[in-house]
Amino acid sequence: MNEEKEYIQKESEDSKPWYAKKGDDSDVFLTSRIRFARNLANFPFPNRFRGDDRQRVNAILLDVFSKVKNPDDFHLIPMENLSPQNYYILQERGILKPKNEVQNLNISQPTSIVMNSRGDISILINQIDHLRLSAFKSGLDFTTSFSLLRDLDSFFQEHVQFASSLEFGYLTCAMKDLGSGIKFSARANLKMSVNACKIRELKKKAEESQMALLPSFPYYTNDGGLPAGIFYDIVSTKAINGSDVSQLAEMEALCSFIAFVETIS
């Protein structure tokens, strides 16, 4: 009976969307995310497309994705079929950028979105880069996300050639993504660090690691000039230094330090 109860509880937990699950270090970290940026060789970046480049890149990448081992676990969302309400939902989950940001950055909307059934993996085609693979986890869990995206990235590379060079690594539209093409980010509740006036110390530590500690909602400031809020994003700022594995290790070390400071504050 107890085994049956445990099985039902496990099934219930597994069926939850990623953002409803209790993740590691969830007392400090709300979410963590990894994003891989890739571009096909022999095609210009999306902001330099001409003629039918956009449609050709979209067709090539969707054809590759149709060969994935578990296609029933993924579903395609063409952008032209996306309602305003569903756009807002995907924006809230960090998959799509706000429309005003898209306009301000002068970038196009993706031609297609592919998501898995759990919603913790998303693929954007033709926004900034040809291909952007993202994995989301509740709490702090870069290792699982990294493994998932690395496998997916390897699958694509079995079928298409990505633009790269020996000097710069993967070639991306944004200079900061040159190299591994990977961006790490995590959102944290730093209430105790804010109250203990430790934010400047944490920002300095992040900068030393070539990362950034940024307010999640930078709209208001307190008398000291710092944002008046307790939620902060820890983000990587360069992908050119070291290997993807070393970048992962540096991000995990920084987040562990931030969690330690938050716990003792």
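1. Basis. The model is predicted: local features need pLDDT of at least 70, side-chain atom pairs count only at pLDDT 80 or more, and totals for chains, interfaces and linings use all residues. Numbering starts from 1 along each chain as its sequence is written, and side-chain values use heavy atoms, with hydrogens and water left out.

2. Sheet. An open sheet is built from 8 strands in the order E2-E3-E4-E5-E1-E8-E10-E9, with antiparallel pairing. Strand E2 (74-78) and E9 are its edges, each pairing on one side only. From one strand to the next, the twist averages 20°. E4 and E5 share 6 bridges in the antiparallel sense. Ser122 has Ser134, in E5, as its bridge partner. Strands (E, at least two residues) and helices (H or I, at least four) are DSSP runs numbered from the N terminus. Two strands pair if DSSP finds at least two bridges between them.

3. Helices on the sheet. Helix H7 (residues 199-208) packs on the sheet and touches E9 and E10. The direction of H7 makes about 145° with that of E9. Helix H8 (residues 244-264) lies across E1, E8, E9 and E10 and runs at about 10° to E8. Contact means heavy atoms within 4.5 Å. Axes are lines fitted to C-alpha atoms, for helices over the stretch in contact, and angles run from 0 to 180 degrees between N-to-C directions.

4. Largest pocket. Its volume is about 1,500 Å³. The lining counts 41 residues, with Arg33, Gly94, Glu101, Arg187 and Asp233 nearest the centre. Elements that each supply at least two lining residues include strand E1 (29-38), helix H3 (84-92), strand E5 (129-138) and strand E8 (182-189). By class, the lining has 18 nonpolar, 11 polar and 12 charged residues. Ala, Val, Leu, Ile, Met, Phe, Trp, Tyr, Cys and Pro count as nonpolar, Asp, Glu, Lys and Arg as charged, and the others, Gly among them, as polar. On a 1 Å grid over the protein atoms alone, a pocket is an open set with protein on both sides within 12 Å along at least five of seven lines; a cavity is a set of points where a 1.4 Å probe fits but cannot get out; lining residues have an atom within 4 Å of a point. Points are joined across faces, edges and corners, and a volume is the space filled by probe spheres set on them.

5. Second largest pocket. This one has about 280 Å³ and 13 lining residues. Val68, Asn70, Leu148, Asp151 and Leu152 lie nearest its centre. Helix H5 (residues 142-157) gives the largest share of the lining, 4 residues.

6. Cavities. There are 2 cavities of 30 Å³ or more.

7. Positive phi. Asn42 has a phi of about 75° although it is not a glycine. Asn42 sits in the loop between E1 and helix H2 (53-65). Asn42 counts as exposed, at 79% relative accessibility. Buried means under 20% relative accessible area, exposed over 50%, partly exposed in between (1.4 Å probe, protein chains only).
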